[in-house]
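My notes follow the order in which I checked them.

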Amino acid sequence: MFGLEALDLARIQFAFTISFHILFPAITIGLASYLAVLEGLWLKTHDDTYRDLYHFWSKIFAVNFGMGVVSGLVMAYQFGTNWSRFSDFAGSVTGPLLTYEVLTAFFLEAGFLGVMLFGWNKVGRGLHFFATVMVAIGTLISTFWILASNSWMQTPQGFEIVNGQVIPTDWLAVIFNPSFPYRLMHMATAAFVATAFFVGASAAWHLLRGKDNPAIRKMLSMAMWMALIVAPIQAVIGDFHGLNTLKHQPAKIAAIEGHWENHGNEATPLILFGWPDMKEERTKFSVEIPYLGSLILTHSLDKQVPALKEFPPEDRPNSTIVFWSFRIMVGLGMLMIFTGLWSLWLRKRDKLYTSRPFLYLALWMGPSGLIAILAGWFTTEVGRQPWVVYGLMRTADASSNHSFMQMSITLILFVVVYFALFGAGLGYMMRLVRKGPKISEGEETPEGGPGKKRTPARPLSAADDSADADHDTRLHKEI
C-alpha cells in the first residue's frame with residue numbers, strides 16, 4: 001500500500017510514538033526548573049505572586065509528568081517488539097544507559113515528587129524547596145542519559161564488535177561520545193525555550209482577554225526574559241552542533257543543505273529555499289546566496305561543504321525531509337529571537353503588557369518551541385539514515401521480522417489510542433491553563449491532602465478538579 005513495506009511502517013510507528021512522547025519531557029524539564037525558580041524567589045522575596053504561580057504551574061506539571069511517564073513506557077517496549085535485531089546488536093550499550101536513567105533520574109524524581117506536589121504545609125519550607133530542586137535535577141539527569149544513548153547511536157565510540165554484537169570497552173567514551181555534549185546542551189536549552197514560550201503564551205492569552213493581575217504579568221515578564229537571553233544562546237549552541245555534525249556526519253549536513261555537488265574550488269552557496277529531488281539528484285527552484293554556505297558551515301569563505309553525490313545513493317539521507325525540517329526549526333528560532341528583542345523594546349517603553357500586536361505574537365508563538373523540537377528531532381533522526389547506529393548497522397537490518405499486516409494493525413491502534421488518551425490529557429491541561437493562577441489572600445494550604453476533600457495518591461491527583469467544577473457550573477447555569 002502506497003509503496004510502503006513493514007520496515008516503513010515500523011519507522012512511522014516509532015516516529016509517531018516518539019513525536020508524542022518528546023513533547024511531554026520537554027515541558028517537564030522546563031517546568032520543573034521553572035517551579036524551582038518560582039519557589040526560590042518566593043522564599044527569598046516573600047512575594048506571594050511567586051507562590052501563586054508555583055501552585056498554578058505545579059498542577060500543569062503533574063498532568064504533563066503523568067502523560068510523559070505513560071508515553072515513555074511505550075518507547076521502551078518498542079525496542080523489543082519492533083527493533084529486536086537492534087536490541088540484540090547494541091543492547092549491551094543502550095540497555096545499561098537506559099537502566100542508569102531509571103536508577104538515577106527516575107528514582108530521584110519519584111522519591112521527591114510526592115513531597116513536591118503534596119507536601120506544601122506538611123514539611124518545612126526548606127525541605128519542600130529541596131524536593132522541588134531534586135525533581136528539577138532529576139529531569140536533567142534523565143536528559144543526560146537519554147541523550148547519551150541517542151548520541152552514541154549517532155557517533156558511536158568506546159566499543160568493539162564480537163560475534164556480531166557491540167561490546168563496550170570504554171564507558172566514558174561511550175557516554176561522552178563526540179556529539180553528546182552538543183546534543184545535550186541543544187536539547188536541554190530547547191526544553192527551556194519551549195517552556196518559556198508556553199508560559200508566555202498562557203500569560204498573553206489572559207491579558208488579551210482582560211485578565212490583568214500581578215501573577216499574569218510576572219508570567220509574561222519571566223517568559224520574555226528567558227526568550228531574550230536563551231534563544232540567542234540556543235543559536236550559538238546550534239552553530240557548534242552543526243560544526244560537530246559536519247565533522248562526524250557529513251552526509252547529514254549535505255542533505256540538510258540540499259547540496260548535491262561542488263564545482264571546482266568554488267565556495268559552497270547557502271540554499272535558502274528549494275525542493276531537493278532525490279531521484280533527479282538536484283535541488284529544484286533553489287534560491288541561493290553565494291559563499292554563505294561555506295561561511296556558516298566551515299567559518300571560512302573558501303572551504304567547501306561535502307556534497308550528496310560524494311556518497312553512494314544507498315548512503316544518502318532523504319534530503320527532501322531534512323532540508324525543510326531544518327528550515328522550520330531555524331525559522332522558528334529566528335522568530336523566537338525576534339520576539340525576545342521586541343519584548344525588550346516594549347519593556348523599556350512600559351508597553352509589554354498592553355501591546356496587543358505583541359501579545360498576539362506571544363500567543364501564536366506558544367507552540368513554537370515544541371514544533372521546533374519536533375523539527376529538530378526529524379532533522380537529526382532522518383538525517384542519520386540509512387543507519388540506526390551510524391556506520392555500523394543499517395535501519396533495514398535492525399527491525400523485527402513482522403509482516404506488513406501486523407505493522408498496519410498496530411500502527412492504526414497506536415494512532416487511535418494516542419489521540420484519544422493524550423488528546424484528553426492535553427485538553428484537560430489546556431483547560432487548567434485557561435483557568436489561570438488563583439490570587440491568594442494569605443492562605444498557604446493548597447487543594448487536597450490529608451483531612452481535605454480527598455487525599456491525592458498519584459501525580460495527576462495534584463491537578464485539582466476546579467476546571468471540571470467550573471465547567472459543570474456553567475452547564476447548570478445554561479440549563
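I started with helix 6 (residues 180-208) and helix 13 (residues 404-435), which pack at an angle of about 55° with their axes 9 Å apart. I am working from a predicted model.

Parallel within the cut-offs means under 35 degrees, and roughly perpendicular runs from 65 to 115. Helix 6 and helix 13 are therefore oblique to each other.

Next I looked up which residues form the contact. On the helix 6 side I noted Phe198, Ser202, Trp205 and His206. On the helix 13 side they meet Met430, Val433, Arg434 and Lys435. Sorted by class, the contact of helix 6 with helix 13 holds four nonpolar, two polar and two charged residues.

I moved on to Thr49. I found Thr49 in helix 2 (residues 48-81). Is Thr49 buried or exposed? Its relative accessibility is 11%, so I logged Thr49 as buried; the cut-off for buried is under 20%. Leaving out residues up to four places away in sequence, Thr49 touches Pro214, Ala215 and Lys218.

My last stop was Asn213. I placed Asn213 in the loop between helix 6 and helix 7 (214-248). Asn213 has 13% relative accessibility, so I counted this residue as buried too. What does the side chain of Asn213 reach? I traced the side chain of Asn213 to the backbone nitrogen of Ala215, at 3.0 Å. Ala215 was already in my notes, as one of the residues that Thr49 touches.

Technical notes. Residues are numbered from 1 along each chain as its sequence is written. This is a predicted model: local features need pLDDT of at least 70, side-chain atom pairs count only at pLDDT 80 or more; totals for chains, interfaces and linings use all residues. Side-chain values use heavy atoms; hydrogens and water are left out. Axes are lines fitted to C-alpha atoms, for helices over the stretch in contact, and angles run from 0 to 180 degrees between N-to-C directions. Helices (H or I, at least four residues) and strands (E, at least two) are DSSP runs, numbered from the N terminus. Angles under 35 degrees count as roughly parallel, over 145 as roughly antiparallel, 65 to 115 as roughly perpendicular and the rest as oblique. Contact means heavy atoms within 4.5 Å. Ala, Val, Leu, Ile, Met, Phe, Trp, Tyr, Cys and Pro count as nonpolar, Asp, Glu, Lys and Arg as charged, and the others, Gly among them, as polar. Buried means under 20% relative accessible area, exposed over 50%, partly exposed in between (1.4 Å probe, protein chains only). A polar contact is a pair of N or O atoms within 3.5 Å; within protein, one must be able to donate a hydrogen and the other to accept it, and residues adjacent in sequence count only if both atoms are side-chain atoms.
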